[in-house]
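Trainee: I am new to this structure and would be grateful for a close look at a single part of it. Please take me through that part step by step.

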Amino acid sequence: MYWAHFKCRLFRQFKAAGRGPYICSLYPVWIFSTGLFISCIGSVLAYQFSSLILPNWLNVLLGLTTLVGGMLLTISVGDKMGAWWILQTYHFIARWGQAPIPSIETKLDAFAQQIIQDHKTKPEQDILLAGHCVGSILSISLLSRLLLQAPPSLIARLKLLTLGQCIPYLTYIPTAAHYRASMQNVINQSEVRWIDIGARIDPLCFDQVNPSIAKGITPKPKNSPMQYVIRPSEMYTTDTFQRLKHKKLQMHFQYLMASELPVAYDYFEIVTDPNYDFSRLEKSSLKNI
């Protein structure tokens with residue numbers, strides 16, 4: 001997966017898109033490499049010191065045991081630091097970038113049909129598609145299906161909300177033309193309002209780029225999506241935020257959590273109030289982010 005990223009110069013694009021996504025793309029490699037280096041050093045030291053008092057075969061055994069123990073510790077530490085679920089996410093996106101994943105396609109088709117059937121039952125209700133993290137990527141595929149299959153009455157009641165989006169991780173992959181076709185279908189439609197919300201402190205979010213822009217995609221003449229930046233520092237007391245900001249990966253999930261202080265951004269109000277006024281959020285253009 002990483003070799004494919006390197007050949008396609010994806011890391012260069014990630015770096016241009018934002019410091020956070022670029023660092024996080026290398027985060028699992030850094031954890032693994034650091035753990036391997038320390039384990040190797042520990043293995044050599046264990047062998048050298050034990051050679052003074054133990055037989056050679058025990059020295060080798062001790063060195064290998066230290067190496068294996070160090071790597072097992074690396075796996076455990078990496079798990080607690082979130083490195084491996086990030087790696088699993090990248091691996092999933094890389095697979096999806098190569099070709100559509102049948103199981104995902106089947107689930108998206110079923111989800112689209114469920115929404116269409118629900119609309120027939122309650123045609124007066126608005127529909128908000130909310131996608132967070134990889135869910136933001138999936139929401140584009142889902143919305144593309146609805147735009148092709150749903151009646152105009154349903155499309156007129158649709159809104160798309162993406163939170164902490166990491167869409168460029170997929171759209172930047174050269175072989176992901178199948179996904180970019182879905183994105184093109186979405187941005188070609190003017191009926192559905194797309195709101196994208198990010199935070200600069202979120203290390204996984206591409207908050208500095210328009211998620212609808214990628215090679216092979218023709219952008220709409222007007223701004224789409226409407227991008228807003230939230231500031232978690234305003235959502236919590238100073239003491240709470242000082243604790244939170246050191247947990248970088250946790251900041252990626254703050255979009256879905258209640259805040260301590262009353263602020264314009266309120267996820268629970270957004271998903272329950274069809275008349276929520278997004279102008280309450282501080283609008284940010286790509287030039288000012």
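Leaving aside its neighbours within four places in sequence, which residues is Leu 142 in contact with?

Mentor: Please keep in mind that this is a predicted model. Apart from its neighbours within four places in sequence, Leu 142 is in contact with Leu 108, Phe 111, Ala 112, Ile 115 and Leu 129. Leu 142 itself belongs to helix 7, which covers residues 134-149. Its relative accessible area is 4%, and Leu 142 counts as buried because the limit for that class is under 20%. Ala 110 provides a further point of reference: 32 residues separate Ala 110 from Leu 142 along the chain, yet their C-alpha atoms are 9.7 Å apart.

Asp 109 and Arg 145 form a salt bridge, in which the closest N and O atoms are 2.6 Å apart. Asp 109 lies in helix 6 (residues 102-121) and Arg 145 in helix 7, so this pair ties together parts that are 36 residues apart in sequence. In general, side chains of opposite charge can pair when their charged atoms come close.

Asp 126 forms a salt bridge with Arg 157, and here the closest N and O atoms are 2.7 Å apart. Asp 126 is in the loop between helix 6 and strand 1 (127-132), while Arg 157 is in the loop between helix 8 (152-155) and strand 2 (158-163); the pair therefore ties together parts that are 31 residues apart in sequence. Asp 126 is partly exposed, with a relative accessibility of 45%, and Arg 157 is also partly exposed, at 29%.

Elsewhere in the chain, Arg 200 forms a salt bridge with Asp 207, with 3.1 Å between the closest N and O atoms. Arg 200 is partly exposed, its relative accessible area being 46%, but Asp 207 is buried at 7%. The count for the model comes to four salt bridges.

For contrast with the buried Leu 142, one may turn to Leu 45 in helix 3 (residues 19-50). Leu 45 is partly exposed, at 43% relative accessibility. Together with Phe 37, Ile 38, Ile 41 and Phe 49, Leu 45 forms a nonpolar patch on the surface, and the accessible area of these residues together is about 540 Å².

Of the 289 residues, 44% are buried. Among contacts with a separation of 6 or more, 75% are between residues 24 or more positions apart. The chain exposes about 15,500 Å², of which carbon and sulfur atoms supply 61%. There are 27 positive and 18 negative side chains, and the centres of the two sets are 11 Å apart.

Conventions: Residues numbered from 1 in each chain as written. Predicted model: local features only at pLDDT ≥ 70, side-chain atom pairs only at ≥ 80, totals over all residues. Heavy atoms only, no water. Buried < 20%, exposed > 50% of the residue type's maximum accessible area, 1.4 Å probe, protein only. Contact = heavy atoms within 4.5 Å. Areas by Shrake-Rupley, 256 points an atom, 1.4 Å probe, with all protein chains shown as cover. Lys, Arg positive; Asp, Glu negative; His and termini not counted. Charge placed at Lys NZ, Arg CZ, Asp CG, Glu CD. Patch = residues over 30% accessible without salt bridge, like charges linked within 9 Å, V, L, I, M, F, W, Y side chains within 5 Å. Salt bridge = Lys/Arg side-chain N within 4 Å of Asp/Glu carboxyl O. Helix = DSSP H or I, 4+ residues; strand = E, 2+ residues; numbered from the N terminus.
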